[in-house]
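I opened a new notebook page for this structure. My plan is to look up a few spots and write down what I find.

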Amino acid sequence: MTRAFALHDVSFRYPRAARPALERVSLAADVGEFIVLAGRSGCGKSTLLRCLNGLIPHLATGEFAGRVEVFGRAIDEVPPHRLAGEVGFVFQNPEDQLVATVVESDVAFGPENLGLPPEAIRARVDAALRQVGIEVLRERSVHELSAGQQQKVALAASLAMRPALLLLDEPTSQLDPASAEDFLHLVARLRAEAQLTVVLAEHRLDLALPYADRLVAMADGQIVVDDPPAVALRGGRLGELGIGLPPVAALALALERRGWQFGRLPLSVDELVGRARMDGATRRREREGDGARRDRARGEA
Amino acid sequence: MIVEIEDVSYTYPSGASAVEGVSLRVARGETIALLGQSGAGKSTLMKLVIGLLHPTRGRVLVEGVATTRTTVARLATTVGYVFQNPLHQLFAPTVADELALGPRARRTSPGAIRERVEAALAAHDLDQYRLRHPLSLSEGERRRVALASVLVGEPPLLVLDEPTVGQDALAKQRLGALLAARQAERRSTIVVTHDVEFAAAWCHRFTVMAGGRVLADGARDRVLGDRQILEAAALRPPALLDLRLRLAERGIVVDGDRPEEMADRLISDCRLPIAE
């Protein structure tokens, strides 16, 4: 496995802030990994993402310490315009990053600033619109799109830069549940297709965790949990960190505490029902006194 | 009744009909979730209640007075409205000034204003930000200021537009506790939201809109447990309610709606194995 990025003992304090936003944070990911970053608002998720795309230390003022490497190079040695071609960023609110009035101009903005020839720009715009599935929006005004569509334009604009690392800072917070699910599914598909490394800061764990290799939870500028999702959910620390468990996972954990066993922890109702074989017909027969069946059922349990 | 909406329709000047033949009554102490897709008419209906719009047909009464016969300023003393985007309602140079704006507009005495502002700063954990410019705060903090600035006026009816957007679990918990406290004080709240899980946990009446009309209005299980209603409004049921209904279809009855309660029932009622 090739290393995508590594933070070594990274600390950062914003000007005039009483406490550091990050305190001796170390985190590494291999190429192709999908990390979900969780934690209460203000715990340092956004600051960590800003360290990975070079906004910190290149453009932000504040006290920075530690070392950040992206694809094997120290980030302070790579100029921001070069980083922009390797690290894509999608913000919480699409309005914060849409620069043009028409969709295709917005998607073309990045490649244009790389100084690419027009045909190369066109090829990248076409590919990015196709990847995200918004070719039909190409000539639309970004202002008349829904929040979900705007967020897809922001994603396409990031992809047009052909990044290898994609950072998303609560990208679904302005979207309704159906659009949020749609968006995260799209990110997961792109990650598989384009071998992207993804770091996604997200509150909606029920929607994000099915795609995650690791759940990294932060509190007060530090990483306090870094495990595969099922391990992190079972670890019992997320609740005390103020991180809401998906309701179905909470139920599955409650059942585990009472002796039931799940291998992979279910996150959705479909998974739970599928896994638990809670078959009413079977149960009715049990009630009618089908002892043999009951014994077998117990045996399996 | 704090609000009576009587057969109200509203058509925008462009000719687009946003609300059609809606009748709703809001009693004191009710906590109502107003659900529906974007464009279903929820925001227009709320603008009719706060008097920003007047019905093109029917009438809206707030505390018995038609919204057409009073002013937006006067209505604001009864109905507090918290916008989805806090930037739409923050104007003052400091947090403390922001909280004083409402009482000052209502000609409250300076001593009483000071008292209320201090109480609000403490209640909403904003004391450390009292001299900060609201725009220098984080999104979550701005939301708290916007909410506090409305609650300072102690409105009998509070309308929250998508209050859980971008909020973490603990912030949602606090918001829920606020709704419960208001209900205990017999104050009413309408939560306009896409967040079905939050609504299911904290609201007790569920009004679903689609295409400008009220599609359903009632208790949680009747509204959120009805597949047809959910489908028509493009809503997803809360996960554990969904599970309960699906188990019921298979002849397994599980009461309760918190994970621990449900687990107890599943364990005692359902001896089936868990297969991998």
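**Entry 1: an arginine in chain B**

I started at Arg144(B). Setting aside neighbours within four places in sequence, I found Arg144(B) in contact with His124(B), Asp125(B), Leu126(B) and Tyr129(B). Contact here means heavy atoms within 4.5 Å. Arg144(B) sits in helix α5 (residues 139-151) of chain B. Helices are DSSP runs of H or I with at least four residues, strands are runs of E with at least two, and both are numbered from the N terminus.

I then asked which backbone oxygen lies 3.1 Å from a polar atom of the side chain of Arg144(B). It belongs to Asp125(B). I also looked up Leu175(B): it is 31 residues from Arg144(B) in sequence, and their C-alpha atoms are 9.8 Å apart in space. With a relative accessible area of 25%, Arg144(B) is partly exposed. The scale is this: buried is under 20% relative accessible area, exposed is over 50%, and partly exposed is in between (1.4 Å probe, protein chains only).

**Entry 2: ground rules**

I noted that this is a predicted model, where local features need pLDDT of at least 70, side-chain atom pairs count only at pLDDT 80 or more, and totals for chains, interfaces and linings use all residues. Residues are numbered from 1 along each chain as its sequence is written, chains are lettered from A and ligands numbered from 1 in the order in which they are written, and side-chain values use heavy atoms, with hydrogens and water left out.

**Entry 3: chain A as a whole**

I moved to chain A. I listed 13 helices and ten strands there. Its C-alpha trace spans about 75 × 45 × 35 Å along the principal axes. Of its 301 residues, 50% count as buried. I also checked contacts between residues at least 6 apart in sequence: in chain A, 64% of them join residues at least 24 apart.

**Entry 4: a buried arginine**

Is Arg214(A) buried or exposed? I found it buried, with a relative accessible area of 14%. Arg214(A) is in strand β9 (residues 214-219) of chain A. Its side chain joins that of Asp226(A) in a polar contact of 2.9 Å. A polar contact is a pair of N or O atoms within 3.5 Å; within protein, one must be able to donate a hydrogen and the other to accept it, and residues adjacent in sequence count only if both atoms are side-chain atoms. Beyond its neighbours within four places in sequence, Arg214(A) has contacts including Leu27(A), Phe34(A), Val36(A) and Pro228(A).

**Entry 5: salt bridges**

Side chains of opposite charge can pair when their charged atoms come close. A salt bridge is a side-chain nitrogen of Lys or Arg within 4 Å of a carboxyl oxygen of Asp or Glu. How many turn up over all chains? I got 40 for the whole structure.

One of them joins Arg138(A) and Glu104(A), at 2.7 Å from N to O. That pair links distant parts of the chain, 34 residues apart: Glu104(A) is in helix α4 (residues 103-113), and Arg138(A) is in the loop between α5 (118-132) and α6 (147-159). Glu104(A) is partly exposed, at 27% relative accessibility.

Another joins Glu240(A) and Arg237(A), with the closest N and O atoms 3.5 Å apart. Glu240(A) is exposed at 59%, and Arg237(A) is partly exposed at 36%.

**Entry 6: the two domains of chain B**

I went back to chain B. It is divided into domain 1 (3-235) and domain 2 (238-276); such bounds come from an automatic or database domain assignment. Their C-alpha centres lie 34 Å apart. Nine residues of domain 1 are in contact with ten residues of domain 2.

Three salt bridges are counted between the two domains. I looked up Arg227(B). It forms a salt bridge with Asp242(B), the closest N and O atoms being 3.5 Å apart. Arg227(B) also meets Glu249(B) in a salt bridge, at 3.0 Å from N to O. Glu249(B) lies in helix α10 (residues 239-249) and Arg227(B) in helix α9 (residues 227-232), so this pair ties together parts 22 residues apart in sequence. Glu249(B) is exposed at 59%, while Arg227(B) is partly exposed at 37%.
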